[in-house]
Amino acid sequence: MENGMIKSKRIYPSPNPHVKLTEIVYWSEGLKVKGLLAEPKKPGNYSGLLYLRGGIQSIGMVRPARAAQYAAQGFVVFAPYYRGNRGGEGRDEFAGADRWDAVHAVDVLKQFCNGHVHLLAFSRGGIMALWTAVLRDDITSLVTWAGVTDTVLTYKERPDMRRMMKRIYGGTPNTALTAYEERNPLMRLEEATAPMLIIHGLQDENVLPAQAYLLEEALKLNDHPHETWYFPEYTHFFPPAANRKTVAALAHWMKEKEQESAN
């Protein structure tokens, strides 16, 4: 089956009367993977936003309200669950072969939008987005919010995740370094072309700001167009009012980048 081809669709209950939700099953490297599509009901010529979720399995799962929130900013949104989740085939590998589920999700999204695709990643989604920008040349912009950049750093920072990482990666960074390095998109960052925006709360203890600084440094070394929005007062999760304000601001930033790429 062709990657990014849709196998089936079903209407999904929407928390927003102005946004239509559809759960989609699509093909990725021979596996059936699921994701959630959010479309503004008002007819229009909408750009695409690929929302790359955080967490693993049920932790950090795509929330319909979150997908609808981004669609309400004037985007068609597609949020893959990644393989092995919600009845999808295969196994979630935390940025291993499952990166292709994000890469092929762009082709799903392009069937519903005007061809412009922006990446918006949260937490673990950060590393998925960086890989998507490395492996594709048709990404308009990339926003990584509280994003993971390097899995070795994650292993060091998060003792509570080590058991899961050892199981999936086959060991620790000392005993299975190759499995960790293979997941590091910074080694190939020069292949990415999309301008990037880094958003990070400096009180974040789930994904430490060091992950953002590492990406920022790599972008500077590559003379890669980027911006950083650091928030000294916020943790991994912004308070609701700050979240809404930041969502509106990043949507505006994406649309600006789209204008620049069109000129």
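1. Ile-6 sits in strand β1, where strands are DSSP runs of E of at least two residues and helices are runs of H or I of at least four, numbered from the N terminus. This is a predicted model, in which local features need pLDDT of at least 70 and side-chain atom pairs count only at pLDDT 80 or more, while totals for chains, interfaces and linings use all residues. Residues are numbered from 1 along each chain as its sequence is written, and side-chain values use heavy atoms, with hydrogens and water left out.

2. Leaving aside residues up to four places away in sequence, Ile-6 touches Ile-24, Val-25, Tyr-26, Val-108, Gln-111 and Phe-112; contact means heavy atoms within 4.5 Å. Ile-6 and Ala-105 are 99 residues apart along the chain, and their C-alpha atoms are separated by 9.9 Å.

3. The sheet is open and has nine strands, in the order β1-β2-β3-β5-β4-β6-β7-β8-β9, with mixed pairing. Two strands pair if DSSP finds at least two bridges between them. β1 (6-12) and β9 (226-231) are the edge strands; each has a single partner, so one side of each lacks a neighbour in the sheet. On average, neighbouring strands are turned by 20° against each other, direction ignored.

4. Within this sheet, β6 (residues 117-122) and β7 (residues 141-145) pair in the parallel sense over five bridges. Phe-122 has Trp-145 of β7 as its bridge partner.

5. Which strands does α1 touch as it packs on the sheet? The list is β1, β2 (19-28), β3 (31-40), β4 (47-52), β5 (75-80), β6 and β7, and the direction of α1 makes about 50° with that of β3. Angles here run from 0 to 180 degrees between N-to-C directions, with axes fitted as lines to C-alpha atoms, for helices over the stretch in contact. Helix α2 (residues 99-109) lies across β1, β2, β3, β4, β5 and β6 and runs at about 125° to β2.

6. Helix α1 (residues 64-71) also meets helix α8 (residues 240-262): their axes come within 10 Å and cross at roughly 45°. That makes α1 oblique to α8, given that angles under 35 degrees count as roughly parallel, over 145 as roughly antiparallel, 65 to 115 as roughly perpendicular and the rest as oblique. Arg-66, Gln-69 and Tyr-70 of α1 make the contact with Asn-243, Arg-244 and Val-247 of α8.

7. The largest pocket has a volume of about 700 Å³. A pocket is an open set of points on a 1 Å grid over the protein atoms alone, with protein on both sides within 12 Å along at least five of seven lines; a cavity is a set where a 1.4 Å probe fits but cannot get out, and lining residues have an atom within 4 Å of a point. Volume is the space filled by probe spheres set on the points, which are joined across faces, edges and corners. The pocket lining has 33 residues, with Gly-54, Gly-55, Gly-60, Ser-123 and His-236 nearest the centre. Elements giving two or more residues to this lining are α1, α4 (151-157) and α5 (162-169).

8. The search of the whole structure finds one cavity of 30 Å³ or more. The largest cavity has a volume of about 40 Å³, and its lining includes Gly-126, Leu-130, His-200 and Leu-215. α3 (125-135), β8 (196-201) and α7 (209-221) each give two or more residues to the lining, and the largest share, three residues, comes from α7.
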